Amino acid sequence: MRTNTYAIPIRTTMLGLLGVALIALGGMGAGAILERDPLLAQVGLSWLRYGHGRDLASMVLYLGLGLVIWAWIRLGRLVRWGEIGDFAVLVAVTVWTLPLLFAPPLFSKDIYSYLAQGQLALSGYDPYTVGPAVLQSTLSENVSWVWQHTPAPYGPLFILVAKAIVWITDASVILGVVAMRLSLAGGLVLLCWSLPGLSRHLGGKSAIALWLVAANPLVLIHLIGGAHNDLLMIGLMAAGVLLVLDRRHVLGFVLLSLAFSVKATAVVIVPFLVWIWAARLEGDKRAQFRKALLPSLAAFLGTFLVCTLIAGVSLGWIPALRSSSMIINWLSVPSAVGDFVRMVVNWFVYVDGGIFIGVARALGSVVLIWIAYTQWWASRDGEVRNAVRRGALTLLAVALLSPATLPWYFTWALALAAGFAWSTGALVTVTTASLFLLLVTFPNGDTALYSWAYLLFALVVSGLAARSLVKPDPFGLSSRYE
């Protein structure tokens, strides 16, 4: 079937717009709202924060979430049938993103930590040695209690961005949330620019890649609505990978360094790209690797050094990465294993659970190092698809085997893997996983990972939605001419 390049599925796009509008509206009472919200008080909507008002806001938000999922699946059907192309997906992404830019924080309070860390730097504190609690400000009071005394685990570029936003907005929480989202949305723009090119190199279809990542509710709701800096990191990472594949090697490693200067995870893909550059050079294997390694290190480390100097910070964020180990949930395989063993042992005798989690996480780190090395070494032929595929698998392993794992961490690997050709079964699996991960956090940022009845419901909903991607809608709610 021939694709209508500029066709836009109006009803599907508007369905998603209605969904995100309801999410933004419901988020005013059910989201990760401020401790004291002057805006709601001024317009007489403070009642949404409490009791029946909050229940109503939650109903509106989940109704919107259902509509967004429905719209995404409908859009995916049209992409799979070849009735629409990149343009329609990009229009949908744009339309569905706009209301989320101005919504209250959704499904996470991390954005308050970002702003408080920027205020720390602006106030002369070192955000890598002290936590937001020292500020005693409007920004710091909204930071989750978990992170009040925790140093920032983010790179110098992100601290610089947060510092600039706090300065521009004069430490306003509401304006700061919007400004931070606008800056992070640059990562979404970079993703939308990169995915067609990655698909060209990796053998996939660009419209599928855009639908699978840029239009994915996991990305839009968590990374835009939740305002996580992972979005800026994966946007810079995807753009850097594309530039390397396009033989613009130095600029590619510069962008990869910028991604690392936002969040450390981006460094995982870098060694795989050195093999790709090396395979294009003259000489034997050792000479090729040496010729590629030196300029790639110079571009990567030089850019990182410039970011660090401009931000005026130290390398303290690297040891601060350990702070994430405070999170314990079963999305992290080592944490899940350690917690399960603790539970079983404590049926018979009480033992401090930290021992089991610590041992399991240590073993998980060993397994992760082994996976990373073997995948990197297996990509030494420098073949593009092999190297990127193994790099994406390693990013997935990092998400699964890290001491702490959060739902949106799985977008790290997806941002690169989307460019490959996808079988129908794989698309259904990733769609199910994306929607399940979307739903395992409550709108106020609390985890739902131990609400077993809710999780069962979320899994059933996710599976049915993913199945409807390839089967006619059982309720007759969609048409091939949407």
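A: **Cavity and aromatic pairs**

The largest cavity has a volume of about 30 Å³. The model is predicted, so local features need pLDDT of at least 70 and side-chain atom pairs count only at pLDDT 80 or more, while totals for chains, interfaces and linings use all residues. Residues are numbered from 1 along each chain as its sequence is written, and side-chain values use heavy atoms, with hydrogens and water left out.

A cavity here is a set of points, on a 1 Å grid over the protein atoms alone, where a 1.4 Å probe fits but cannot get out. Grid points are joined across faces, edges and corners, and the volume is the space filled by probe spheres set on the points. Searching the whole structure gives one cavity of 30 Å³ or more. Its lining (residues with an atom within 4 Å of a point) consists of Trp275, Ala278, Ala279, Lys285, Gln288 and Arg380. Two elements, α12 (270-279) and α13 (285-311), each give two or more residues to this lining. The largest share, three residues, comes from α12. Helices are DSSP runs (H or I, at least four residues), numbered from the N terminus.

Rings of Phe, Tyr and Trp (its six-membered ring) pair if their centres lie within 6.5 Å; planes under 30 degrees apart count as stacked, over 60 as edge-to-face and the rest as tilted. The structure holds 21 aromatic pairs. In one of them, Tyr114 and Phe158 have ring centres 4.8 Å apart and planes at 80°, so the pair is edge-to-face. Tyr114 sits in helix α5 (residues 110-122) and Phe158 in helix α6 (residues 156-168), 44 residues apart. Both are buried (under 20% relative accessible area; exposed is over 50%, partly exposed in between; 1.4 Å probe, protein chains only): Tyr114 has 1% and Phe158 has 0%.

Another pair, Trp330 and Trp452, is stacked because the ring centres are 6.4 Å apart and the planes at 20°. Trp330 lies in the loop between α13 and α14 (333-345) and Trp452 in helix α19 (residues 452-467), so the pair ties together parts 122 residues apart in sequence. Trp330 is partly exposed at 29%, and Trp452 is exposed at 55%.

Key: On a 1 Å grid over the protein atoms alone, a cavity is a set of points where a 1.4 Å probe fits but cannot get out, and a pocket is an open set with protein on both sides within 12 Å along at least five of seven lines; lining residues have an atom within 4 Å of a point.
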